[in-house]
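This report walks through a protein model, from strand pairing to ring geometry. Please keep the coordinates open while reading.

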Amino acid sequence: MSKEIIEVINNFNPKNLNLPNLYRWDDKFKRYYFEIDNVTDEVTFYPSVTTILSKVLPESEFLSMKKTELGKEYWTWMNELASQGTFIHQELAGFFETGTIDFTTIQDRIKNYILESKQQYSVSSWCRVVLPKIISFIKFAEECNVEPILIESTVKFNDDNLKWAGTIDLLAYIDINKKGFWGDVYKSDATHGKKGDPKESTKVFRELCLIDFKSGTADIDSYAMQLQMYKLAIEQNMNIQIDNIVNVKPKEYKSGN
């Protein structure tokens, strides 16, 4: 990563939620945000959520195994995965904002993205990797009837003693299927109950969810902690209550399903 200072731009905010005016500074695998008080010129720094968690949590077993397996090539592998993840997030942000995605030109977008990154990645290899993941996330959006509220938006938390900031993937209303006893009863005697007994069934709830898209497939405990920290930041500054946090990983959808 470069050591450039970038002004954070939040483009999608139809409900005009209270988003901070922040700047971002990247240094290798660390990221920091800061804001400047327009009156006093006082600068307040916020370490990123991922930077904090990388300092306090042990490395996942999956990543430790990959380090041993790949040796010196580990960071090359990690950098390419990170680049693929960034590209996927950019494509999804455009999809959630416009409701469409042009797959006929996505190979050109991949090629241009790789050229801009000044890396020698394989365009054909990226197509094989990123396209199924993007399609999987779009399938999730269709199945859950996603209604975006914030897309790729940066939030902050500040209670004087603790400070952090980070960029959320998506805040949205979605349909969630929940099993429970919602008033249905058995109409006749059955294996799990007698006639008139409460019957477990599935009901669809519309909930406000904080959603993170993970382009990898490893299960890492820090994902849930990351979303909980974003949730605290949103609820502190925007006077809204988030019903659920959701991590979405790519799922393989075979042809014909």
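## Charges over rings

The charged end of lysine 178 sits over the ring of phenylalanine 205, 5.3 Å from the ring centre. Lysine 214 lies over the face of tyrosine 223, at 4.3 Å from the ring centre. A charge sits over a ring if NZ of Lys or CZ of Arg is within 6 Å of the ring centre and within 35 degrees of the ring normal.

This is a predicted model: local features need pLDDT of at least 70, side-chain atom pairs count only at pLDDT 80 or more, and totals for chains, interfaces and linings use all residues. Residues are numbered from 1 along each chain as its sequence is written, and side-chain values use heavy atoms, with hydrogens and water left out.

Four strands form an open sheet in the order 1-2-3-4, with antiparallel pairing. Strand 1 (5-7) and strand 4 (43-47) stand at the edges, each with a single partner strand, so one side of each is left without a neighbour in the sheet. On average, neighbouring strands of this sheet are turned by 30° against each other, direction ignored. Strands are DSSP runs of E, at least two residues, and helices are runs of H or I, at least four; both are numbered from the N terminus. Two strands pair if DSSP finds at least two bridges between them. Axes are lines fitted to C-alpha atoms, for helices over the stretch in contact, and angles run from 0 to 180 degrees between N-to-C directions.

Three bridges join strand 1 to strand 2 in the antiparallel sense. Isoleucine 5 stands opposite tryptophan 25 in strand 2. Strand 2 (residues 23-27) is joined to strand 3 (residues 30-36) by five bridges, again antiparallel. Here tryptophan 25 stands opposite tyrosine 32, and arginine 24 faces tyrosine 33. Helix 1 (residues 49-56) lies across strand 3 and strand 4, running at about 135° to strand 3.

## Aromatic pairs

How many aromatic pairs does a search of the whole structure find? The search finds 16. Phenylalanine 34 and phenylalanine 45 form a tilted pair, 5.6 Å centre to centre with 45° between the planes. The pair links distant parts of the chain: phenylalanine 34 is in strand 3, phenylalanine 45 in strand 4, eleven residues apart. Phenylalanine 34 is buried, at 11% relative accessible area. Phenylalanine 45 is exposed, at 53%. Buried means under 20% relative accessible area, exposed over 50%, partly exposed in between (1.4 Å probe, protein chains only).

Tyrosine 121 and tryptophan 126 form a stacked pair, 5.5 Å centre to centre and 25° between the planes. Both residues are buried. Ring pairs also link Phe95, Phe96, Phe137, Phe140 and Phe213 into a cluster. Rings of Phe, Tyr and Trp (its six-membered ring) pair if their centres lie within 6.5 Å; planes under 30 degrees apart count as stacked, over 60 as edge-to-face and the rest as tilted.

Eleven bridges join strand 6 (residues 163-180) to strand 7, and the two run antiparallel. Isoleucine 176 has phenylalanine 205 of strand 7 as its bridge partner. Strand 7 pairs with strand 8 (residues 244-248) in the parallel sense over five bridges.

Aspartate 212 lies in strand 7 (residues 201-213). Is aspartate 212 buried or exposed? Aspartate 212 is buried, with a relative accessible area of 3%. This residue stands opposite asparagine 247 in strand 8. The side chain of aspartate 212 makes a polar contact with the side chain of lysine 214 (2.8 Å). A polar contact is a pair of N or O atoms within 3.5 Å; within protein, one must be able to donate a hydrogen and the other to accept it, and residues adjacent in sequence count only if both atoms are side-chain atoms. Leaving aside neighbours within four places in sequence, aspartate 212 is in contact with Asp169, Gln226, Leu227, Val246, Asn247 and Val248. Contact means heavy atoms within 4.5 Å.

## Loop residues

Aspartate 41 is found in the loop between strand 3 and strand 4. Its phi is near 65°, a positive value in a residue other than glycine. Aspartate 41 is exposed, at 56% relative accessibility. Aspartate 160 lies in the loop between strand 5 (147-158) and strand 6. For aspartate 160, phi is near 75°, and relative accessibility is 65%, which counts as exposed.
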